[in-house]
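I opened the model to look up a few places in it. My notes follow.

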Amino acid sequence: MPLSPRVVDLGPYDVLLSVAELGSMGRAAVRHGVSQAAVSARIRALEGALGVTLLERSPRGTRLTATGALVADWARVAVDAAEALEVGVASLRTEQAARLRVAASLTVAEYLMPRWLVAFRGEHPGTSVSLASRNSADVVAAVLAGDVEIGFVEGPEVSDDLEHQVVARDRLTLVVAPIHPWAGRRRGVDAARLAATPLVAREAGSGTRSFLEHAVGELADPVLELSSTTAIKAAAVDGMAPAVLSSLAVTGELATGTLVAVPVAGVDLDRRLVAVWPRGRPLTGPAADLVRLATRRRE
């Protein structure tokens, strides 16, 4: 049921209990870190709200009236309960501060998160981090469901239900085996050709696939759908079909020549990697610190 308008903030009751215990408004003022005039004003306001006299003042000090003693007994229960509530909430804050749940898309989890977490560990040695690697759609779902405090995705668009901040930038790269006919094309392929070519691709819902569809339009059905970047690279190296992957994921293969980058004409494959969290909820604590560290290391 709604509280009565006569139920006021517990602060004045706490002051009343101090006056009763110490027998002096001056000593109560010292305990609460306020002036004696402020203590007197709070008591008068409380008496006005309740419509009763709570204290008797005399040269020998201040003591509770009979009514005041009764109110103080009831108030002590409420103040003690409020203190217990505050202690309980504080313990929840401490528990949350010692644990950070993160979900990240595959690219972020594999190629960026490790060094972010090394830096985070240096600042928060007592905070444990739980990291779930999922596709971008599943990361968003986990954030919205409250399963994690912060998510990192690579899709082209961010849900209106989420706040977001760019933490890094990446570029998608079309790669083929050295024996593939596209390997020697200096002018590369255009968007229409790429869209019409069956690829080895990530599953629907992945940030990489969503971004590519956004950039070049509807894609041909994949030759093979895989949820692992490593597996996609292996299939491309074997010559099964071209693949489009994060530049972060193919650095080693391009350096050794097991994969060849093919230019894509007329298409911007640069993309943002973003941190996401529920709209309307301020980003604080370890989650905010992780985003700050990631942004500071933006490439």
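I looked up A168 and found that A168 is buried, with a relative accessible area of 4%. Buried means under 20% relative accessible area, computed with a 1.4 Å probe on protein chains only. This is a predicted model, where local features need pLDDT of at least 70, side-chain atom pairs count only at pLDDT 80 or more, and totals for chains, interfaces and linings use all residues. Residues are numbered from 1 along each chain as its sequence is written, and side-chain values use heavy atoms, with hydrogens and water left out.

I placed A168 in strand β6, residues 162–176. Strands (E, at least two residues) and helices (H or I, at least four) are DSSP runs, numbered from the N terminus. A168 lies 7.4 Å from A294, C-alpha to C-alpha, although 126 residues separate them in sequence.

Next I looked up the largest nonpolar core, which has 22 residues. Such a core is a set of buried Ala, Val, Leu, Ile, Met, Phe, Trp, Tyr and Cys residues joined through side-chain atoms within 4.5 Å. Among those with the most contacts inside it are W116, F152 and V167. Elements giving two or more residues to this core include β6 and α12 (285–296). I noted that α12 gives the largest share, five residues.

Last, I checked helices α2 (residues 25–32) and α3 (residues 36–50), whose axes come within 8 Å and cross at roughly 100 degrees. The axes are lines fitted to C-alpha atoms over the stretch in contact, with angles from 0 to 180 degrees between N-to-C directions. Angles of 65 to 115 degrees count as roughly perpendicular, so α2 and α3 are roughly perpendicular to each other. In α2, M25, G26, A28 and A29 meet Q36, V39 and S40 of α3, where contact means heavy atoms within 4.5 Å.

Key. Buried means under 20% relative accessible area, exposed over 50%, partly exposed in between (1.4 Å probe, protein chains only). Angles under 35 degrees count as roughly parallel, over 145 as roughly antiparallel, 65 to 115 as roughly perpendicular and the rest as oblique.
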